[in-house]
Amino acid sequence: MEENTVSKNFIEQMIDQDLKDGVYDHVQTRFPPEPNGYLHIGHAKSILLNYGLAKEYGGKFNMRFDDTNPTKEKLEFVEAIKEDIKWLGANWEDRLFFASDYFEDMYELAVKLIKKGKAYVCDLTPEEIREYRGTLTEPGKESPYRNRPVEENLELFENMKNGKYADGEKVLRAKIDMASPNINMRDPILYRVARISHHRTGDQWCIYPMYDFAHPIEDALEHITHSICTLEFEDHRPLYDWVVQECEFSEPPRQIEFAKLYLKDTVTGKRYIKRLVEDGIVDGWDDPRLVSISGLRRRGYTPESIQMFVDLCGVSKSQSVVDIAMLEYCIREDLKLKQPRMMAVMDPVKVVIDNYPEGQIEYMDVPNNLENEELGSRKVPFAKELYIERDDFMEEPPRKYFRLFPGNEVRLMNAYFVTCQSYEKDEDGKVTVIHCTYDPETRSGSGFTGRKVKGTIHWVAAPTAKLVTARLYENIVDQEKGMFAEDGTLNLNPNSLVVRDECYVEPALAEAVPGDRFQFVRNGYFCVDSKDSKPGNPVFNRIVSLKSSFKIEKKV
């Protein structure tokens, strides 16, 4: 029997080769966020890629916070990131680490580099260092402090550690090559003096390692085999390799870069999200209009839908832009067979069935999901007075309008045929009540075949209806205008949030709890908000509308 060949991405191919050549005998990956903000959909790709590779090769996955820059780090971000990663399903087991766990190791390795003549203390100011660095077309100049004796460097570096110098007065630099065509290799800074309290180590340290020095050491100390990162670190790879080589790690990790996930007309940058939060435009990093992982979770996205999205995006070296419609497609695909289909009226107008018995309540059998019989059915109350959607009635309909209008008969979903007889309006000309009559013989499920109607509309019985709030979300960016205005500010969509405070829903929906998801007939998929809902008084966030023109391209 012929084996099915599974096409592997370029990272899997490199790992296969490393294992075949005996470079490594296992696979260990990691996700190393800086705790300076909340994670977004782009991070989800990296998390699921790293975790997925470890799982695929029977290896291990580490969770590590790269907390080497205490100026921007907060414990709030640490906890939020942990919650996001757990929710996505990436399990680090007992391997939760912090870069700050290794501050002592990093210091000792810096001393080792000094002793080898590979690092020196430099007194140039930040401006002078920039000036000496050169440009992309011109080589840099050597620092006048580059050839200090080893003993002097050791003493100065210890003095830096002991707090004898002001912030920015001295730095430790790698001694590599000021004429390198790669600017990152022109004696990069390894340590700087910074009197900043750290969220874990307090005031124990007044010098902190730079990311490019710390990161390869962290990977090596944790026995990471494949350090997978995004393409902007490609030019940093020679420095990564230099650090692990000069620090003499016996099994140095290998850095591999892949293309970032870019979503069209979508805010993912931390500084933009931070500004939206600080300016009160959104109600926090978990606002459902954001593509932060916590925002997507609050809106009602599932881990499965995000995994599907990441799989569809694929892994490559070439940058590409993905339409947000693909993410919406994934949540629709995930929910369509899982969630019950309920009736909710977003913009209500009252219907009175004049010939229906006063005070009578009937219970209609309603299937929970027409595409999945396993979800069973439920009983929904029906009464003389109902609510329907305002746009399901027109006084003077256009051609091919098959819903309710004077003289027209429609089916009330899972109930009876009704015919519009008249309607009432207020002094502003707004329709307030629609009067109908019903045909008792047409009850749904009765087998009635006497005549057919073209329109079916959903409804909620007024006596048992529950009043709730629903929030209808759109992209926070005005997609017609594009992401940015001429002055560099975001083009905000004024309709990114529409709040409907007068929604009537089936009584069962009043008992929904945060995280419960439903399909509301014709209105979309909704999720109970985790922040503003109260027992018996849920707030519903629209996850996504029901239809889209987006289609997955079939591979030939």
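In strand 3, which residue is the bridge partner of phenylalanine 65? The partner is phenylalanine 98. The model is predicted, so local features need pLDDT of at least 70 and side-chain atom pairs count only at pLDDT 80 or more, while totals for chains, interfaces and linings use all residues. Residues are numbered from 1 along each chain as its sequence is written, and side-chain values use heavy atoms, with hydrogens and water left out.

Helices (H or I, at least four residues) and strands (E, at least two) are DSSP runs numbered from the N terminus. Strands count as paired if DSSP finds at least two bridges between them. An open sheet of three strands has the order 1-2-3 with parallel pairing. Strand 1 (28–31) and strand 3 stand at its edges, each with a single partner strand, so one side of each lacks a neighbour in the sheet. From one strand to the next the twist averages 35°, and strand 2 (residues 60–65) is joined to strand 3 by three bridges. Helix 3 packs on the sheet, touching strand 1, strand 2 and strand 3, and its direction makes about 160° with that of strand 2; angles run from 0 to 180 degrees between N-to-C directions, with axes fitted to C-alpha atoms, for helices over the stretch in contact.

**Helix 11.** In helix 11 (residues 303–313), Pro303, Ser305, Ile306, Phe309 and Val310 are buried, where buried means under 20% relative accessible area, exposed over 50%, and partly exposed in between (1.4 Å probe, protein chains only). These residues cover an arc of only 160° around the axis, which puts them on the same side of helix 11; the arc is that of the directions from the helix axis to the C-beta atoms. Among the elements that they pack against are helix 2 (41–56), helix 3 (75–88) and helix 12 (324–335), contact meaning heavy atoms within 4.5 Å. Just after helix 11, glycine 314 takes a positive phi of about 75°.

Glutamate 93, in the loop between helix 3 and strand 3 (96–98), is exposed, with a relative accessible area of 53%. Asparagine 541 lies in strand 27 (residues 539–544) and counts as buried at 0% relative accessibility. The table gives a polar contact for each, that is, a pair of N or O atoms within 3.5 Å; within protein, one must be able to donate a hydrogen and the other to accept it, and residues adjacent in sequence count only if both atoms are side-chain atoms.

| Side chain | Partner side chain | Polar contact |
|---|---|---|
| Glutamate 93 | Arginine 95 | 2.9 Å |
| Asparagine 541 | Aspartate 529 | 2.7 Å |
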